[in-house]
Amino acid sequence: LAVPKNKDSNCPIIALDNGFSEGANFEQGGVLAPMLTILHEVPEDVLFLGYTVTLKYLLDAMDQLNPANHVISEKKYNIVHNNCATYILDLMKEVGLDYKDPNTATNIENYVGKSIASNDITVGKIRKAYLEENKGIYHKASFYVWNFAVGDEGMTRALVRSYMNKMVEE
């Protein structure tokens, strides 16, 4: 979410995310693609990271990333390794926001982890994806014990943390 520093200005509030093209999900032939939305007010419960750039700098960063390169088809989508966060994390890197910073990383991890954990369907898909990638009986048993100990929110926070770490390495 890009919010003008001067609240009295006529500058827009810009929301960026990955969404399904024309509202069609994968089953309907859609793809996840970068979306830009102009808002008239700041939504409730938004995570602010306290990082500022000019609108021109943000738009230049978006151009550098070439949003067409961040379209994710059903074949390329992976809830654990290539998902709707890919574009936003790449954009954060492009504008220089250091999400490796411990405070920033913790804020993102907690906010996104809690948000994901509130959706039972998504939690089930994450659990299923992990179990498909880690097939042995030892992996399954240790996952279930760990998931029981940390709960769904702990599991989703760990997913967010590992995904951010992966993106930093690339």
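**The second largest pocket**

Helix 4 and helix 5 each supply at least two residues of the lining of the second largest pocket. Before going on, the basis: this is a predicted model, where local features need pLDDT of at least 70, side-chain atom pairs count only at pLDDT 80 or more, and totals for chains, interfaces and linings use all residues. Residues are numbered from 1 along each chain as its sequence is written, and side-chain values use heavy atoms, with hydrogens and water left out.

Back to the pocket. Its lining has 14 residues, and V80, Y130, A158, L159 and S162 are the ones nearest the centre. Helix 5 gives the largest share of that lining, 8 residues. The space in the second largest pocket is about 210 Å³. On terms, a pocket is an open set of points on a 1 Å grid over the protein atoms alone, where a 1.4 Å probe fits, with protein on both sides within 12 Å along at least five of seven lines; lining residues have an atom within 4 Å of a point. The volume is the space filled by probe spheres set on the points, which are joined across faces, edges and corners.

**Overall make-up**

The protein has 5 helices and 2 strands, in the order β-β-α-α-α-α-α along the sequence. These are DSSP runs numbered from the N terminus: H or I of at least four residues for helices, E of at least two for strands. The C-alpha trace spans about 60 × 40 × 30 Å along its principal axes. Of the 170 residues, 31% are buried; buried means under 20% relative accessible area, exposed over 50%, and partly exposed in between, with a 1.4 Å probe and protein chains only.

**Salt bridges**

How many salt bridges does a search of the whole structure find? It finds 5, counting a side-chain nitrogen of Lys or Arg within 4 Å of a carboxyl oxygen of Asp or Glu. I will take three of them.

E109 and R161 pair at 2.5 Å, N to O. E109 is in helix 3 (residues 102–117) and R161 in helix 5 (residues 137–169), so this bridge ties together parts 52 residues apart in sequence. E109 is buried at 10% relative accessible area, while R161 is partly exposed at 38%.

D60 and K56 form a salt bridge at 3.0 Å, N to O. They are 4 residues apart in helix 1 (residues 55–65), which means a separation of about one helical turn. D60 is partly exposed at 34% and K56 is exposed at 57%.

In the bridge between K128 and E132, the closest N and O atoms are 3.9 Å apart. Both residues lie in helix 4 (residues 120–133), 4 residues apart, about one turn. K128 is exposed at 53%, and E132 is partly exposed at 44%.

**Surface and cysteines**

L1, V3, V42 and F48 make a nonpolar surface patch of about 320 Å². Such patches take residues with over 30% relative accessible area and no salt bridge, joining nonpolar side chains (Val, Leu, Ile, Met, Phe, Trp, Tyr) within 5 Å and like charges within 9 Å. Areas come from the Shrake-Rupley method with a 1.4 Å probe; for residues, only the protein chains shown count as cover. V42 sits in the loop between strand 2 (32–39) and helix 1, and is partly exposed at 35%.

Finally, the structure holds 0 disulfides, by the criterion of cysteine sulfur atoms within 2.5 Å. C11 is partly exposed at 45%, and C84 is partly exposed at 39%.
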